[in-house]
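Okay, everyone, let's get going.

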Amino acid sequence: MSDDERVRDFQRRLYQKAKQEVTFRFYSLYDKIYLPHVLREAYSRCRKKNGAPGVDGKSFAEIEAEGVDEFLKRIGQELKEQTYKPGMVKRTYIPKANGKMRPLGIPMIKDRVVQMACKMVIEPIFEADFEDVSYGFRPKKSAEDAIKKIKENLKEGLEDIFDADLSAYFDTIPHKELMILVGKRISDMRVLHLIKMWLKAPVWEDGKISGGKKNKLGTPQGGVISPLLANIYLHLLDKAVKRIGGYFQRNGVRIVRYADDFVLMARKTAEESLDYLYKMLARMRLALNIEKSRILNASKEPFDFLGFTFRYDKDLYGRETKYLNIFPSKKSEKKVREKIDVYLKGNGHKPPETIAKELNEITRGWMQYFHIPGTSYPQKAKRDLRYYLTRKLYRYYQRKSQRKCKLYKRGAFEKLKKKYGLIDPSEYLSPQRLACECFT
């Protein structure tokens with residue numbers, strides 16, 4: 001068996017045990033984390049993501065030059081002897097759609113590998129408990145599933161929407177309450193100690209160190225294990241909404257959640273349900289982002305979720321109809337254009353074949369995300385993206401530094417499309433939709 005198969009077989013057995021015995025606390029897991037095949041698979045999964053180096057500056061290429069086997073052997077020895085200590089987390093920022101900056105914590109590769117190994121061991125246990133209304137950062141769950149569920153709920157008449165967003169969720173998760181929830185399923189103190197060390201890891205930013213043992217809130221957004229911990233904590237909300245006989249269930253409220261973004265859906269949103277939501281979040285020491293959270297009726301007002309806009313449209317004759325349109329939001333379109341703009345501004349001397357290849361990586365990923373079966377993908381959005389690419393490429397090759405290129409004063413977009421395989425967004429079909437057309 002391959003390392004991946006051995007890990008999955010072990011995960012399957014853990015999941016079955018956790019599913020059969022809902023109150024069972026797992027007491028012997030730590031020694032599984034440093035098994036050679038688990039560490040090898042953990043490194044392989046981290047390598048595929050090819051993230052940036054942490055505070056120590058060590059990259060995957062450097063580790064591989066020195067020898068991966070020796071690197072993993074040292075990690076395994078530290079874990080076995082319980083001398084492992086996580087390093088500092090490098091704080092960096094990425095721009096958000098609203099112009100603000102999102103903080104990311106980048107652990108060292110060594111810590112990412114240990115976190116991945118731990119995650120692979122404990123995730124099946126909590127997966128057995130999680131509700132089917134949560135779709136973010138879970139195996140075999142995706143944004144596509146969340147979009148389909150919202151569409152299904154709307155078709156059933158659940159058009160009263162509370163569109164919610166938690167304020168700085170990853171930075172405000174209380175450690176004490178989180179560890180209580182983790183401890184309900186895991187009694188192995190060595191595993192719990194590992195998680196505590198990651199939560200308390202100091203943060204390095206602009207030459208200064210913050211956080212550390214005194215830190216009582218947050219889990220670094222960017223850490224390998226952080227999404228799992230975030231889901232464990234918000235599982236309380238999922239359970240409350242689905243609880244039979246509870247406030248939400250009595251008022252016919254359903255939830256669709258993707259990480260810290262969620263919508264409550266009902267035929268008629270009751271104030272009682274929202275009051276209970278506010279009180280519950282306050283007890284969890286969490287707060288809603290008032291700017292992004294709102295109540296609306298989907299049949300009268302569009303709303304955005306996970307980059308999509310949900311909107312009921314009139315028919316060709318202007319009559320009111322229940323035709324639901326699901327398409328990329330304006331923010332999503334703006335985001336991909338900004339990526340194209342930044343790329344072309346920062347790459348002034350690359351050959352045309354490289355430009356085509358790297359632009360395809362930007363546009364293909366974006367379009368594949370929005371090609372969800374059962375949703376609309378208006379030709380207008382494709383045409384708009386094509387027009388933007390055409391205009392930007394024309395300006396790109398009008399630069400003084402590019403005027404020696406054969407694409408200067410020619411149709412750069414058409415040339416790159418014909419000769420170098422640049423994707424034309426207006427003609428693009430996702431692999432799934434292409435397969436459907438081939439067999440119909």
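Tyr169 is buried, and so is Phe170; buried here means under 20% relative accessible area, exposed means over 50%, and partly exposed is in between, with a 1.4 Å probe and protein chains only. Before I go on, this is a predicted model, where local features need pLDDT of at least 70 and side-chain atom pairs count only at pLDDT 80 or more, while totals for chains, interfaces and linings use all residues. Residues are numbered from 1 along each chain as its sequence is written, and side-chain values use heavy atoms, with hydrogens and water left out.

Back to the rings. Phe, Tyr and Trp rings (the six-membered one for Trp) pair if their centres lie within 6.5 Å, and planes under 30 degrees apart are stacked, over 60 edge-to-face, the rest tilted. That rule gives 16 aromatic pairs. Why is the pair of Tyr169 and Phe170 edge-to-face? Because the ring centres are 5.7 Å apart with the planes at 70°. There's also an aromatic cluster made of Phe308, Trp366, Tyr369 and Phe370.

Next, charges over rings, meaning NZ of Lys or CZ of Arg within 6 Å of the ring centre and within 35 degrees of the ring normal. Lys17 has its charged end over the ring of Phe24, 4.5 Å from the centre. Arg250 lies over the face of Tyr247, with 5.1 Å to the ring centre.

Zooming out: we have 18 helices and 11 strands, taken as DSSP runs (H or I, at least four residues, for helices; E, at least two, for strands) and numbered from the N terminus. Of the 440 residues, 47% count as buried. The C-alpha atoms fill a box of roughly 65 × 60 × 50 Å along the principal axes.

Now the backbone. Most residues other than glycine have a negative phi. Phe137, though, has a positive phi near 55°. Phe137 is in the loop between α6 (109-127) and α7 (143-155), and is partly exposed, at 43% relative accessible area. Leu306 also isn't a glycine and has a positive phi of about 55°. Buried or exposed, then, for Leu306? Leu306 is buried, because its relative accessible area is 17%, and it lies in the loop between β9 (303-305) and β10 (308-313).
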